[in-house]
Amino acid sequence: MNWAEFAAADTAGPVGQALPMLPDSTHVGEIVEVSIAEKPWCKADIINERGKAMILVVSVRGYRDVEATIPCHWGAKVDAVCRAARVHPPAAAEWDEQQLVNKVVSIATVQAMSAKGTEYVRIEKWLPGPALLPTPKAA
């Protein structure tokens with residue numbers, strides 16, 4: 001049997017429906033996007049006056065992507081992400097956050113409700129993932 005015809009269906013979700021949200025649990029995923037943006041709620045006197053934050057998007061197969069916003073002055077949280085991704089944390093003035101892209105991590109998640117009433121998935125903990133995601137073997 002040729003299973004290749006079913007490969008696309010796994011990432012697309014049920015026909016005509018969006019992918020489900022991650023349930024509360026620990027999941028293995030891949031960091032697929034990292035960016036730096038200014039967020040008003042991330043401002044901190046003197047340390048982070050402009051509110052710079054690192055925004056990470058984690059993809060877990062079969063589920064909606066999860067976005068995490070971490071204020072850049074939260075050093076312990078940034079270090080936890082780096083440890084989970086097996087990347088050296090920022091120690092010098094110049095550090096390229098793009099080195100986190102395509103790294104495999106484990107994340108502990110919970111479903112939460114925003115102040116506006118929107119349901120979302122929050123990453124509670126960043127944990128070291130397996131060195132690589134298992135790759136499917138050719139039939």
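# Chatting through a predicted protein model

User: Hi! How many helices and strands does the protein chain have?

Analyst: The protein chain has 2 helices and 5 strands. Helices (H or I, at least four residues) and strands (E, at least two) are DSSP runs, numbered from the N terminus. This is a predicted model, where local features need pLDDT of at least 70 and side-chain atom pairs count only at pLDDT 80 or more, while totals for chains, interfaces and linings use all residues. Residues are numbered from 1 along each chain as its sequence is written, and side-chain values use heavy atoms, with hydrogens and water left out.

User: In what order do the elements run from the N terminus?

Analyst: They go α-β-β-β-α-β-β.

User: And what share of the residues is buried?

Analyst: Of the 139 residues in the protein chain, 31% count as buried. Buried means under 20% relative accessible area, exposed means over 50%, and partly exposed is in between (1.4 Å probe, protein chains only).

User: OK, helix α2. Which of its residues are buried?

Analyst: Helix α2 covers residues 75-85, and its buried residues are Val78, Ala80, Val81, Cys82, Ala84 and Ala85.

User: What do those pack against?

Analyst: The buried residues of α2 pack against β1 (25-38), β2 (52-59), β3 (66-71), β4 and β5 (119-128).

User: What comes just after α2?

Analyst: Arg86, which takes a positive phi of about 60°. Arg86 is not a glycine, and it is found in the loop between α2 and β4.

User: Which other residue has a positive phi without being glycine?

Analyst: Ile46 is one, with phi near 65°. Ile46 is in the loop between β1 and β2.

User: Is Ile46 buried or exposed?

Analyst: Ile46 counts as exposed, because its relative accessibility is 73%.

User: And Asn48, where is that?

Analyst: Asn48 is also in the loop between β1 and β2. Asn48 counts as buried, because its relative accessible area is 6%. Its side chain and the side chain of His73 are joined by a polar contact of 3.0 Å. A polar contact is a pair of N or O atoms within 3.5 Å; within protein, one must be able to donate a hydrogen and the other to accept it, and residues adjacent in sequence count only if both atoms are side-chain atoms. Leaving aside neighbours within four places in sequence, Asn48 is in contact with Cys42, Lys43, Cys72 and His73.

User: Let's switch to strands. Why does Ile31 count as buried?

Analyst: Ile31 counts as buried because its relative accessibility is 0%. Ile31 sits in strand β1. Beyond its neighbours within four places in sequence, Ile31 is in contact with residues including Leu56, Val58, Ala85, Leu100 and Trp126.

User: How far is Ile31 from Gln98?

Analyst: They are 67 residues apart in sequence and 10.0 Å apart in space, C-alpha to C-alpha.

User: And Ser106, where does it sit?

Analyst: Ser106 is in strand β4 (residues 104-113). Ser106 is buried, because its relative accessible area is 9%. The side chain of Ser106 reaches the backbone oxygen of Pro128 at 3.5 Å. Not counting residues up to four places away in sequence, Ser106 touches several residues, among them Thr26, Val28, Trp126 and Pro128.

User: Last topic, Arg122. Is it buried or partly exposed?

Analyst: Arg122 is partly exposed, because its relative accessible area is 34%. Arg122 belongs to strand β5, and its side chain makes a polar contact with the side chain of Glu124 (2.5 Å). Not counting residues up to four places away in sequence, Arg122 touches Ala108, Thr109, Val110 and Ala112.

User: How far apart are Arg122 and Leu22?

Analyst: Along the chain they are 100 residues apart, and their C-alpha atoms are separated by 9.4 Å.

Conventions:
Contact = heavy atoms within 4.5 Å.
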